[in-house]
Amino acid sequence: FSVVISDVWKTTPFMTIIILAGLSTIPREIYKQAMIDGTNFIERFFKVTLPLLKPVLIVALLFRTIDAIRIFDLIYVLTGGGPGGSTTSLSLYAYNYYVTGDFGYGSTVSVIVFLAAGLLSVLYIKFGRFREEVVK
């Protein structure tokens, strides 16, 4: 559990910079137009900010998910996969096979990690519904 918490704090600044960059690309004029239309802060957040920030949030979520799937270094350094294998990740599992000389199983686990990351990436992009919207 402590490994997961420390991994979150390790990547928080990167996620913050990504989201801040996305927020800085939203034009101020859109907020001014929404205020003229009579929206309050909550409505502006849900109807202006979130829809325009959606691609950035999906990219940030994608980076964070891939980073969480392939975690190796913190677990290896802090616990080595123990006690009793309770903190073993898939990457550490594959590494243990490589160390013992069983390269076939190690490669198989590594390919499974790659396929899982790829599948999650495709799902994020598909459900993110990236499309161009034509303003009429």
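Okay, let's start with one side chain. I30 touches V48 and L52, and that's leaving out anything up to four places away in sequence. Before I go on, keep in mind that this is a predicted model.

So where does I30 sit? It's in helix α2, which covers residues 28-36.

Now zoom out from I30 to the helix pair. V48 and L52 are on the α3 side of a contact where α2 brings I30, Y31, A34 and M35, and α3 brings R44, V48, T49 and L52. Sorted by class, that contact of α2 with α3 has 6 nonpolar residues, 1 polar and 1 charged.

How do the axes of α2 and α3 run? They come within 11 Å and cross at roughly 160 degrees, with α3 covering residues 41-69. Anything over 145 degrees counts as roughly antiparallel, so that's what α2 is to α3. As for handedness, α2 and α3 make a right-handed crossing.

Staying with α3 for a second, T65 is in that helix too. Is T65 buried or exposed? Its relative accessible area is 15%, and the buried cut-off is under 20%, so T65 is buried. With residues up to four places away in sequence left out, T65 touches L120 and Y124. Those two take us along to the next pair, because α6 is the helix that covers residues 103-128.

So, α5 and α6. Helix α5 is residues 90-99, and its axis comes within 7 Å of the α6 axis, crossing at roughly 160 degrees. The pair is therefore roughly antiparallel as well. Here α5 passes α6 in a left-handed crossing. Who makes the contact? From α5 you've got L90, Y93, A94, Y97 and Y98. From α6 you've got F103, Y105, G106, S107, V109, S110 and V113. The class breakdown for α5 with α6 is 9 nonpolar, 3 polar and no charged residues.

If you put the two pairs side by side on screen, check the handedness: right-handed for α2 and α3, left-handed for α5 and α6. And on charge, the α2 with α3 contact has 1 charged residue, while α5 with α6 has none.

One more residue, from the start of the chain. S24 is in helix α1, residues 2-24. It has 59% relative accessibility, and so it counts as exposed. S24 and L53 are 29 residues apart in sequence and 10.0 Å apart in space, C-alpha to C-alpha.

Last bit, the whole-chain numbers. We're looking at 6 helices and 0 strands, so to speak α-α-α-α-α-α if you read along the sequence. The chain has 136 residues, and 26% of them count as buried. For contacts between residues at least 6 apart in sequence, 53% join residues at least 24 apart. And the surface: the chain exposes about 9,800 Å², with carbon and sulfur atoms supplying 70% of that.

Note on methods: Residues numbered from 1 in each chain as written. Predicted model: local features only at pLDDT ≥ 70, side-chain atom pairs only at ≥ 80, totals over all residues. Heavy atoms only, no water. Axes fitted to C-alpha atoms, helices over the stretch in contact; angles between N-to-C directions. Helix = DSSP H or I, 4+ residues; strand = E, 2+ residues; numbered from the N terminus. Parallel < 35°, antiparallel > 145°, perpendicular 65-115°, else oblique. Left-handed = near helix turned anticlockwise from the far one by under 90°. Contact = heavy atoms within 4.5 Å. Nonpolar A, V, L, I, M, F, W, Y, C, P; charged D, E, K, R; others polar. Buried < 20%, exposed > 50% of the residue type's maximum accessible area, 1.4 Å probe, protein only. Areas by Shrake-Rupley, 256 points an atom, 1.4 Å probe, with all protein chains shown as cover.
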